[in-house]
Amino acid sequence: MSDEDITLTAGDAEVTVQPGNGGRVGGLRVGGLELLRQGERFGCFPMVPWCGRIRDGRFRDGGTVHQMPLNAAPNAIHGTARDGAWKVARRTADEVVLTYRLVAPWPFAGLVTQVFTLAEDALTLAMAVETYDSSFPAQIGWHPWFNRNLGGPDGPKDQEVRVSFQPGWQEERGDDHLPTGNRIAPQAGPWDDCFGMPGGVDVGLTWPGRLELNVTSPEEWVVVYDEQEAAVCVEPQTGPPDGLNTLPRLVTPLEPLEATTTWRWTRL
């Protein structure tokens, strides 16, 4: 199937999936309101086979050290699959399945599958990494850019999004924006920080008078980034930044790495 944009609809909700642009969600409209920042680099992209930064772009697998390109020098960031073209495996009016084969510079063979399922009040994203070859460490997650104001950049200040969540801890952030390994009490924003939510990710986004949206996931890690004027990011993931080195999850021929997140909205 082609890599052209795909539009799913359910009620007055509409989502655009972009196989040819890193397998990302290009837009999500609810009642005509666009929730995601527009642009080739924005929307919501998959972070795979790692999330956030890898320190110095290097990670160890057993006795071997692998070097990834420093696309956020001096570190590597957000995986490789967002830069590739994905294939459409299946599609219906409200669901699409995409696949992507991991290739160099990632040193291991693997297949990534994404499933996008739209309902009238929710979008569910599922992702899995599997291998039929050698085992390897990996992470998966999502990086959505939610518009700060649904009225556009000139919208009323009192309608800017409000972020609410109750994490169990915050990963202390070093000057290099990577976790130091210490867990601290959650701090007030602005944030470019990783938080732990042991009961599962649950973050609320409220656009006063417009919409309330909850980002949930069974995973217990979330990065919240709100240091940009146009958008805020709420990123559920299977481990913290630099997790390939500090908290690796292993993909094996018998055990894929799987995760899901759901965005559910209500009108205000």
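Two strands count as paired here if DSSP finds at least two bridges between them, and strands themselves are DSSP runs (E, at least two residues) numbered from the N terminus. By that rule, β21 and β25 pair in the antiparallel sense, over six bridges.

A quick word on the ground rules: this is a predicted model, where local features need pLDDT of at least 70, side-chain atom pairs count only at pLDDT 80 or more, and totals for chains, interfaces and linings use all residues. Residues are numbered from 1 along each chain as its sequence is written, and side-chain values use heavy atoms, with hydrogens and water left out.

Now zoom out. β21 and β25 belong to an open sheet of eight strands, in the order β10-β11-β12-β13-β25-β21-β20-β16, with antiparallel pairing. At the edges sit β10 (87–91) and β16 (162–164), each pairing on one side only. β25 (residues 257–267) is also joined to β13 (residues 122–130), by eight bridges, and those two run antiparallel.

| Residue | Bridge partner in β25 |
|---|---|
| L123 | W263 |
| A128 | E258 |
| T216 | T262 |

Back on β21 (residues 211–217), S217 is worth a look. S217 counts as buried because its relative accessibility is 7% (buried means under 20%, with a 1.4 Å probe and protein chains only). A polar atom of the S217 side chain lies 3.1 Å from the backbone nitrogen of E219. Leaving aside neighbours within four places in sequence, S217 is in contact (heavy atoms within 4.5 Å) with G200, V201, P236, T260 and T261.

Methods. Helices (H or I, at least four residues) and strands (E, at least two) are DSSP runs, numbered from the N terminus. Buried means under 20% relative accessible area, exposed over 50%, partly exposed in between (1.4 Å probe, protein chains only). A polar contact is a pair of N or O atoms within 3.5 Å; within protein, one must be able to donate a hydrogen and the other to accept it, and residues adjacent in sequence count only if both atoms are side-chain atoms.
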